[in-house]
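Please take me through the sheet, the helix packing and the nonpolar cores of this model. For each, start with the general idea and then turn to the case at hand.

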Amino acid sequence: MAQSSAHSFGPWRQALHTIMNEPGASASAAVPLTMGDTDAARCVPSPVEAMSPTMDAVNHLESRTSTAQAASVELTAYGKCMCCSRELRYVESSSRFRCPVCDTVNDLKPHIRQQQGIEPLTLKRLKRCAVKCSYKEKAAWKERQAIHGDEPFAEKDREKFYEPLEKLVDSSFSSWVCLNHSFSNGIEASLDDSGLNMNDIIDAYNILLGMPVNVIRAMMSATDRLLKRPAVPLRRMRDIRFLLIILENPLLAQHNFYAERKYHHSLLKRVFGMLSCLNNECHRGLVNWFSKYTLEGFRNKVHLVHAFTTYRINRAQRSKLGMPAAYESDWRIMSAARTMALLFATNQQTQKLPLSDFYNAMIDYINLMGDFESWQSRSGKFTFCQYPFLISMGAKMQILESDAKRQMETKWREAFFNMLFHQKASMPYLVLRVRREYLIEDSLLQLAQNELDLKKSLRIEFVGEEGVDAGGLRKEWFLLLVRSLLDPQYGMFTYDEDSNLCWFNSASFENEDQYFLVGIVLGLAIYNSTILDVHLPTACYKKLLKHPVDLMDLASIRPALARGLEQLLAFEGDVENTFCRPFVAEVDAFGQRKWIPLVPGGANKMVTNENRQEFVNLYVDFVLNTSVERQFGAFRRGFYHVCGGNALSLFRPQEIELLVRGSEEPLEIDDLRGQTEYQGFDEDEDTITHFWDIMKAMEPSMQRKLLMFVTGSDRIPATGSTQLHLKIACGGEDSNRLPSAHTCFNQLVLYRYSSKEKLEQMLHMAVNESQGFYVK
């Protein structure tokens, strides 16, 4: 046993020896004392914090601190609290200081000499101690049973048997040296590995939570003391493992009553505070360490931060300071947001959770437009727009729509005052008068002529047709124009039958104006809250936001090509002699095959085992970037010509795709039914009842086809089925005519068919025989 123990604790003793021999590791430096504080020097905020709420307390402390008064300017030092990040001023000779904001003692040098005799905790050692205590309890129970029968121990009497475990837990969880080196997996902490055995940690907590209350109380109290004074500056990755151990405590997510919730959140605020204040190296390590968590473990951490953030926002809403001042000055909310940013960065690498899992619903209830304006003005205050992954899709859309509406109103007022004061004719709306047979030409010409008016509200008039555009003509114009521009036969885009997605045609003869128009159309669709049937991949929206694209993006556009490149990378034989592939890309230009060198002299440079990764990287870059640089550049300019505001930067690429195309989520038929209007039908008559029964019974793919038939898109709005408004109109009595649809109004025309079977047959025939928007 001794051998095993020495082997297990060797790395810990070595690390302890390293810490104790660091320059200035002594804890004997003189510390100025204030107000009977025998532990640490009290600090005052730096000049930049002079207006903080704690100034009264600080002035009171300064008045009673003779040592601080006597200190000269040369002996004053500045530093940031390791928990709340407040910049503080303290006496330079101090070895530690206490933050007046969060009450954390910050040791400038390691203060761990008295912790040397405490060995790290292991699961085996914890189990052994728990078994011994349990054995004593059972032995005493047998003796008691012989005298008092089955009468159980009083809780206080039972706690006495577990006092050894209570002492072990107290000493382990109150010592940074002990806890930070506990539950080791035998690997030194690095960017790739935390050095912790997470399964042992989880098992240890399960054991402790089954113990009497004195053991649990000792664990929580010791954790609280440790977090108030870790005793070590947290500068290296190996210094922060104790925070991950504490974060695994299941009790931190338990909030059964107010006092419990308040106490557990008081621990979490320190954990999140310390995690958020770490340096960049530690943050990179945390992102990698979180990526090793199980899906359930990672999701639990996200939910833990959400619960804490929600709690703090609720507190802020009841604060006397009012909103947004209450949350702008709350370091706890800032710390939670920064911690969530680490988890979000991990999720960007691993894709463990959907983006929606990072939305905090409570944030939707604050004044987000005020928050957006504060963020946009670069006020320097905390705003949730700094962490847009916390803001739900619906809230972001409200910000975008409000910003668009404000810009439209500005343009409307400009037009009004131009007419009023300068007798200059100007329309308050952007009105396009187009001929159906020259849709692209007329649209391109008039958009170019009205380039400065694109942020006005859009109205469409079709030449030779009567009608006022109340939204239907605009939607029809969008659908027809997108259908024409993205039609592969037009030559601007290529269409992949495996992925059903379009991509820019590198061999297109069209000039940049046409691609500029496509960008404008997409921007106008977002600006005017219109869903388009645009089969562009996520890579397109990533490039719009200047996010890098890679082989995974190519796989979504051209899966066959991506599979070939992946096979090339995975091939274990001789690549050069097997594939005989030079450094060239193959391009199909309207039926003619061309070979484009990826590097100078690429036709004479062969792909080998050593350079195949370089070849794949160059090929992906050629397909997604270099070959379409001219086309995509014009497209991007058109898009940002309309959507150049800051509101769009709140969105992720996937969210912009949702804005343009809508959501692929399954249809919620009951929600859709609740948002449907009826014209000529009663809601409860047989035809309507039969229609919804038929739609519910359809396969999801068929439901999508029906949605495409009625609305022109097989997707629902980004915020769900409740935002999709359908109309069902009566075309007359029983007939052999097929149902029809007016996609610009989301209107379905049905007849009072004689039976449910006939209605189902007619619906299927109408949907399956209708022409789609893409002609293959």
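The dialogue below takes up the sheet, then helix pairs, then the cores.

Q: What kind of model is this, and how are residues numbered?
A: This is a predicted model, in which local features need pLDDT of at least 70 and side-chain atom pairs count only at pLDDT 80 or more, while totals for chains, interfaces and linings use all residues. Residues are numbered from 1 along each chain as its sequence is written, and side-chain values use heavy atoms, with hydrogens and water left out.

Q: In what order do the four strands of the open sheet lie?
A: Strands of a sheet pair through backbone hydrogen bonds, either parallel or antiparallel. Strands (E, at least two residues) and helices (H or I, at least four) are DSSP runs numbered from the N terminus, and two strands pair if DSSP finds at least two bridges between them. Here the order is β13-β14-β16-β15, with mixed pairing. β13 (677-679) and β15 (740-742) are the edge strands, each pairing on one side only. From one strand to the next, the twist averages 25 degrees.

Q: How many bridges join β15 to β16?
A: Three bridges join these antiparallel strands, β16 being residues 747-751. Alanine 741 is opposite leucine 748 in β16.

Q: At what angle do α11 and α13 pack?
A: Two packed helices are described by the angle between their axes and the distance between the axes. Axes are lines fitted to C-alpha atoms, for helices over the stretch in contact, and angles run from 0 to 180 degrees between N-to-C directions. Helices α11 (residues 258-276) and α13 (residues 295-317) pack at about 110 degrees, with axes 11 Å apart. That makes α11 roughly perpendicular to α13 (65 to 115 degrees).

Q: How do α20 and α26 pack?
A: The angle between α20 and α26 (residues 629-642) is about 35 degrees, and their axes are 7 Å apart.

Q: Which residues have the most contacts inside the largest nonpolar core?
A: A nonpolar core is a set of buried Ala, Val, Leu, Ile, Met, Phe, Trp, Tyr and Cys residues joined through side-chain atoms within 4.5 Å; buried means under 20% relative accessible area (1.4 Å probe, protein chains only). The largest has 185 residues, and those with the most contacts inside it are Leu165, Phe242, Phe384, Trp477, Leu522 and Leu536. Helix α20 (residues 512-527) gives the largest share of this core, 10 residues. A second, separate core of 29 residues includes Ile688, Phe691, Leu759 and Leu763.

How values were computed:
Buried < 20%, exposed > 50% of the residue type's maximum accessible area, 1.4 Å probe, protein only. Parallel < 35°, antiparallel > 145°, perpendicular 65-115°, else oblique.
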